[in-house]
Amino acid sequence: MVIDGERGGMDSDHDRSSAGGGKDAWPQALNRPAEARDTPDVIPPNGAVPPNAEVTTDPVPSTPSADPSVTGRGIAGLSTPYQVVAALALSLIGLLACTQVAMVFLHVAPSNTLTKEHGKTIDRWIYPEFEQNWKLFAPNPLQQNVAVHVRAEVVDADGRRTTRWMNLTHEDAKGIRGNFFPSHVDQNELRRGWDFYINSHDSENRPNGLRGDLSERYVRRIAMLRLSERDYGGTIERIQLRSATSSIAPPPWSTEKISTRPVYRVLPWWTVTPDDLPEHAAEKSRDAARAEANQ
């Protein structure tokens, strides 16, 4: 048939063109590297696909399905009645934990109004399972107000007179109240100086060690520094200090009875020396003494 002849002619022409070095049927595919022949780029621009070519497409990512074992974990996975029971149980555990912490804190804390009023309740909770053999604060906090007073004996043209007591602690308190950045002088100088003196003297104001004389001179200089800020119209020859100690009053709802009357500790009179005066006054006094000696 004519069709077979035509096909045979076409096949022979194709074989001759391949064997005789003729032009290849798919030059783009044959001239590319081997790894590039399997990619979609080898498809000719006219859209024709060779019979033996394989067309690859990118895989479509599949949507992960939810794992039923992951959803509904914890309290959210429980039914409503069980959720209510779990919430109540957690609330009860938290309440017991807070109560335990509060009871232990009050047990190891220093004696205060709460421990005095509810001491039996705290002991019943703590003993014997939760007994503690330590305290939160080793020293007890201050439960008293201590004020340091000073007065002076002034000599002027009219003779000798004694001033009224001046509350040095009150003067420091005025510089502290309402001040966001109070000075260390107002907070600590007088307080620590008086503690220094008390700890180095006995109840009869006698030194109990080598630092007794040092503490006495330190307190005298503090007192003279405060007195030098006032004009008494004469020369201060002697000074005397005392402390007023009063207990802090209990709160109105407490049944505790505490006396708030001050207890005084009066020190002996001290004769003022040039070393007790502030620096500028001490220098002036020394200069005056030298001038008097040279005359």
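**Reading a helix and its strands**

Q: Why does the end-to-end distance of helix α3 agree with its number of residues?

A: Helix α3 (residues 80-108) has 29 residues, so it should span 42 Å, and its end C-alpha atoms are 43 Å apart, which agrees. Helices here are DSSP runs of H or I with at least four residues, strands are runs of E with at least two, and both are numbered from the N terminus. Keep in mind that this is a predicted model, where local features need pLDDT of at least 70, side-chain atom pairs count only at pLDDT 80 or more, and totals for chains, interfaces and linings use all residues. Residues are numbered from 1 along each chain as its sequence is written, and side-chain values use heavy atoms, leaving out hydrogens and water.

Q: Which residues of α3 are buried?

A: Buried means under 20% relative accessible area, with a 1.4 Å probe and protein chains only. In α3, that describes A86, M103, V104, H107 and V108. Among the elements covering them is α5 (119-126).

Q: How many bridges pair strand β1 with strand β4?

A: Two strands pair if DSSP finds at least two bridges between them. Strands β1 (residues 144-156) and β4 (residues 235-247) are antiparallel and share twelve bridges. For V148, the partner in β4 is S243.

Q: What lies between β1 and β2 in their hairpin?

A: Two residues separate them. Strand β2 (residues 159-162) runs antiparallel to β1, joined by four bridges, and D156 stands opposite G159 in β2.

How values were computed: Expected span 1.5 Å × (residues − 1). Buried < 20%, exposed > 50% of the residue type's maximum accessible area, 1.4 Å probe, protein only. Contact = heavy atoms within 4.5 Å.
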